[in-house]
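I opened my notebook to look through a two-chain structure with you. Here is what I looked up, entry by entry.

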Amino acid sequence: MQINRWLIIVLFSAALIGFADSAYLTAQHIRDVIPPCVVLNNCELVLTSKYASVGPVPVSALGILYYGTLLVLLIAYLDVWNRRILHWACWLVSAGMLASLYFVYVQLFILGALCPYCLISTLMTLILFSISVYIMRID
Amino acid sequence: MISAMEHNASNDAHMSRRERRETMRSQRGSNSLRQSPSRMLRRMLIWGGSLVAIGLIGWGMVELSKNAQLPVESGVLSVAVDAQDNMQGPADAEVTLTEYSDFQCPACAAFVPVIAKAFAEPELKGKIRLAYRYFPLSIHPNAQLASQAGQAAALQGKFWEMHDVLFEKQDIWSPLSSKAARDAFVGYAQQLGLDTGRFLSDIDNAAVKDRVKTDVDSGTASDVNSTPSFFVNGVRMTHPQSYEEFKQNLINALDANK
């Protein structure tokens with residue numbers, strides 16, 4: 001069954017937004033030595049917590065790797081139209097979805113604070129995941 | 001290209017029938033197209049264009065983060081430092097650093113060693129004093145009580161000792177319920193040799209709460225909306241991005257007095 005072009009465009013756009021979001025957060029992470037705590041802003045709490053990095057690597061940098069890989073897979077698919085590449089992308093998104101769920105859990109139940117920039121990424125992965133499930137089901 | 005196809009063929013054994021059909025179809029399609037130079041051009045455009053676009057987005061985000069919306073960083077101190085303030089350093093210091101701070105804010109905790117280091121610099125040593133003002137943010141559930149604990153300790157002459165412990169143990173008491181946090185604060189008071197009975201009655205005392213509120217009000221009146229917020233001789237300091245910048249701001253204030 002043919003996959004709608006629009007579906008690929010949405011996938012691509014969501015991955016791009018996620019990529020931009022992660023790049024922004026990583027740049028912030030590296031630049032701002034000590035970001036201040038701001039009234040009604042929970043981002044600092046989330047981004048300065050111990051959950052914001054895996055060892056020395058900020059989670060947002062993992063986000064860059066994740067969305068970057070996804071973009072390369074999608075470009076490769078648009079190039080050779082091999083459905084297997086799309087399936088790899090779908091598996092990658094599933095892993096991303098699991099990671100996102102874990103981070104939403106951390107934000108809601110451990111830190112008790114939600115970071116909007118992190119939620120943008122979660123939303124993008126949710127969109128990507130919904131489309132992935134659809135693609136996997138029609139195949 | 002032939003070796004690539006052979007490679008694909010050897011992989012075929014591991015593929016399901018459906019995948020094989022798909023691969024065959026895509027290979028047939030790309031083989032016939034690959035003959036034409038326009039197809040090559042198209043491929044180069046797809047890859048080149050996409051990678052350039054991704055690179056541009058990455059670069060754009062790095063640039064954007066430089067101009068990230070920082071909290072309001074202008075204004076002057078609305079209420080001058082006086083004897084009521086919790087003060088550290090010589091009374092006749094040439095430079096007064098006023099800090100609006102929140103005991104539960106990770107950034108404020110991170111600034112404790114930064115401030116100590118700057119105050120120990122040869123250029124600044126003995127010429128600068130620090131006034132600590134409470135600015136508990138509503139996003140931090142235990143910050144208000146921690147401020148009251150600080151002021152209750154101040155009433156027994158041990159504000160700075162409590163200040164240090166609260167920041168040092170921030171990770172421990174931050175996630176606690178307010179009741180458990182209160183117990184933790186009493187424990188710290190005991191460790192510092194305070195009269196815990198008096199500490200417990202002072203922490204909820206109306207005068208102590210008023211004292212915290214006075215600081216919050218003077219901060220709000222001085223356009224403070226983030227912590228830590230620094231004022232050097234009454235003038236707002238832009239949130240320092242590095243230790244050097246922080247130190248230089250203080251030295252500049254010292255030089256301006258001469």
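I began with burial in chain B: 33% of its 258 residues count as buried. By that I mean that 20 or more other C-beta atoms lie within 10 Å of a residue's own; exposed means 12 or fewer, partly exposed is in between, and C-beta atoms are placed from the backbone.

A note on the source: this is a predicted model, in which local features need pLDDT of at least 70 and side-chain atom pairs count only at pLDDT 80 or more, while totals for chains, interfaces and linings use all residues. Residues are numbered from 1 along each chain as its sequence is written, and chains are lettered from A and ligands numbered from 1 in the order in which they are written.

**Chain B, overview.** I found eleven helices and six strands in chain B. These are DSSP runs numbered from the N terminus, helices being H or I with at least four residues and strands E with at least two. I then looked at contacts, meaning pairs whose C-beta atoms, placed from the backbone, lie within 7 Å. Of the chain B contacts with a separation of 6 or more, 78% come from residues 24 or more positions apart.

**Strands.** I followed E5 (residues 229-232) of chain B, which runs antiparallel to E2 (residues 95-101) of chain B and is joined to it by four bridges. Strands count as paired if DSSP finds at least two bridges between them. B:Glu99 has B:Phe230 in E5(B) as its bridge partner. E5(B) also pairs with E6 (residues 235-236) of chain B, again antiparallel, over two bridges. There, B:Val232 stands opposite B:Val235. With two residues between them, E5(B) and E6(B) make a hairpin, and B:Asn233 in the turn has a positive phi of about 45 degrees.

**Helix H11.** Next I checked the length of H11 (residues 243-257) of chain B: its 15 residues should span 21 Å, and the end C-alpha atoms are 22 Å apart, which agrees. The expected span is 1.5 Å times one less than the number of residues. Which residues of H11(B) are buried? I noted B:Phe246, B:Leu250 and B:Ala253. Seen down the axis, the buried residues fall within an arc of 55 degrees, so they line one face of H11(B). The arc is taken from the directions from the helix axis to the C-beta atoms. On the other side, B:Glu244, B:Asp255 and B:Ala256 are exposed. Among what covers the buried residues of H11(B) are E2, H4 (106-119), E3 (128-134) and E5 of chain B.

**Chain A.** Last, I counted five helices and three strands in chain A. Of its 139 residues, 40% count as buried.

Methods: Contact = placed C-beta atoms within 7 Å.
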